[in-house]
Amino acid sequence: MFDKKAKPYTDLLGKTNRIVEGTIIKGDIISQADFRLDGELTGNFKSTGKLVIGPAGSVTGDIVCNNADIEGKFNGTIQVTEILNVKATASIHGEVSVGKLSVEPGADFSASCTMSTDTKKQSLPDGQETKQKSN
């Protein structure tokens, strides 16, 4: 009657984990949900959601995620499948691999950057299709 069913991880999407300012984590974080970090992480981060590094947050290590907003400090290697938003208060050093990149004026972006290119099919006027690389 009151059986609780385990929620699938897709129910976690839209919910956000938080690490508050003043918290220091040394180790790796793996999360399927979105994550906001206002503290300090020395280690690796992996998520299928979105990572937000707040203005007081800092990460030293490797990051792999779908989307990211960075307002604080990052030093290491970051791989973002979709969009990386670098805010004006951000400081990024290391290697960056993204689908799309947005950098606000004033940001410290001292990193090598690689953008993945997707191949999209486009229809020609005669009905044929061609593959086009987009940047």
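Q: What makes Phe35 and Phe45 buried or exposed in this model?
A: In this predicted model, buried is the word for a residue with under 20% relative accessible area, and both Phe35 and Phe45 are buried.

Q: Why is the pair of Phe35 and Phe45 called edge-to-face?
A: Two rings pair if their centres lie within 6.5 Å, and planes over 60 degrees apart count as edge-to-face. One aromatic pair is counted by this rule. The ring centres of Phe35 and Phe45 are 5.2 Å apart and the planes stand at 65 degrees, so the pair is edge-to-face. Phe35 belongs to strand 4 (residues 34-37) and Phe45 to strand 6 (residues 45-47), and the pair links distant parts of the chain, ten residues apart.

Q: How do you know whether Arg18 and Asp38 meet in a salt bridge?
A: A salt bridge needs a side-chain nitrogen of Lys or Arg within 4 Å of a carboxyl oxygen of Asp or Glu. For the side chains of Arg18 and Asp38 the N to O value is 3.3 Å, and they meet in a salt bridge. This pair links distant parts of the chain, with Arg18 in strand 1 (residues 16-19) and Asp38 in the loop between strand 4 and strand 5 (40-42), 20 residues apart.

Q: Why does Arg18 count as exposed, while Asp38 counts as buried?
A: Exposed requires over 50% relative accessible area and buried requires under 20%. Arg18 has 53% relative accessibility, so Arg18 counts as exposed, whereas Asp38 has 9%, so Asp38 counts as buried.

Q: What makes Arg18, Arg36 and Asp38 a network?
A: Besides its salt bridge with Arg18, the side chain of Asp38 meets that of Arg36 in a salt bridge with an N to O value of 3.0 Å, which is within the 4 Å cut-off. Arg18, Arg36 and Asp38 are therefore linked in a network of salt bridges. Arg36 has a relative accessible area of 24%, so Arg36 is partly exposed.

Q: How do you know that Asp69 forms a salt bridge with Lys50, and which parts does the pair tie together?
A: The closest N and O atoms of Asp69 and Lys50 are 3.1 Å apart, and the rule asks for a value within 4 Å. Because Asp69 lies in strand 9 (residues 67-70) and Lys50 in strand 7 (residues 50-53), the pair ties together parts that are 19 residues apart in sequence. Asp69 has 12% relative accessibility and so counts as buried, while Lys50, with a relative accessible area of 31%, is partly exposed. The structure holds four salt bridges, this one among them.

Q: Why is Cys65 called buried?
A: The relative accessible area of Cys65 is 1%, and the limit for buried is under 20%, so Cys65 is buried. Cys65 lies in strand 8 (residues 58-65). Leaving aside neighbours within four places in sequence, Cys65 is in contact with Ser47, Gly49, Leu51, Gln79, Val80 and Thr81.

Q: Why does Ser91 count as buried?
A: Ser91 has 17% relative accessibility, and buried means under 20%, so Ser91 counts as buried. Ser91 is placed in strand 11 (residues 91-103), and, with neighbours within four places in sequence left aside, Ser91 is in contact with Gly72, Lys73, Phe74 and Asp108.

Q: Which residues of the largest nonpolar core touch the most other members, and which strand gives the most to this core?
A: The largest nonpolar core has 23 residues, and Ile63, Ile70, Ile78 and Leu84 touch the most other members. Strand 10 gives the most, with five residues, and at least two residues each come from strand 4, strand 7, strand 8, strand 9, strand 10 (73-86) and strand 11. Not counting residues up to four places away in sequence, Leu84 touches Ala68, Ile70, Ile78, Val96, Val98, Lys100, Leu101 and Ser102.

Q: How many helices and strands does the chain have, and how much of the chain is made up of buried residues?
A: The chain has zero helices and 14 strands. Buried residues make up 30% of the 135 residues in the chain. The accessible surface of the chain comes to about 8,700 Å², and carbon and sulfur atoms account for 49% of this surface.

Terms used. Residues are numbered from 1 along each chain as its sequence is written. This is a predicted model: local features need pLDDT of at least 70, side-chain atom pairs count only at pLDDT 80 or more; totals for chains, interfaces and linings use all residues. Side-chain values use heavy atoms; hydrogens and water are left out. Rings of Phe, Tyr and Trp (its six-membered ring) pair if their centres lie within 6.5 Å; planes under 30 degrees apart count as stacked, over 60 as edge-to-face and the rest as tilted. Helices (H or I, at least four residues) and strands (E, at least two) are DSSP runs, numbered from the N terminus. Buried means under 20% relative accessible area, exposed over 50%, partly exposed in between (1.4 Å probe, protein chains only). Contact means heavy atoms within 4.5 Å. Accessible areas come from the Shrake-Rupley method with a 1.4 Å probe; for residues, only the protein chains shown count as cover. A nonpolar core is a set of buried Ala, Val, Leu, Ile, Met, Phe, Trp, Tyr and Cys residues joined through side-chain atoms within 4.5 Å.
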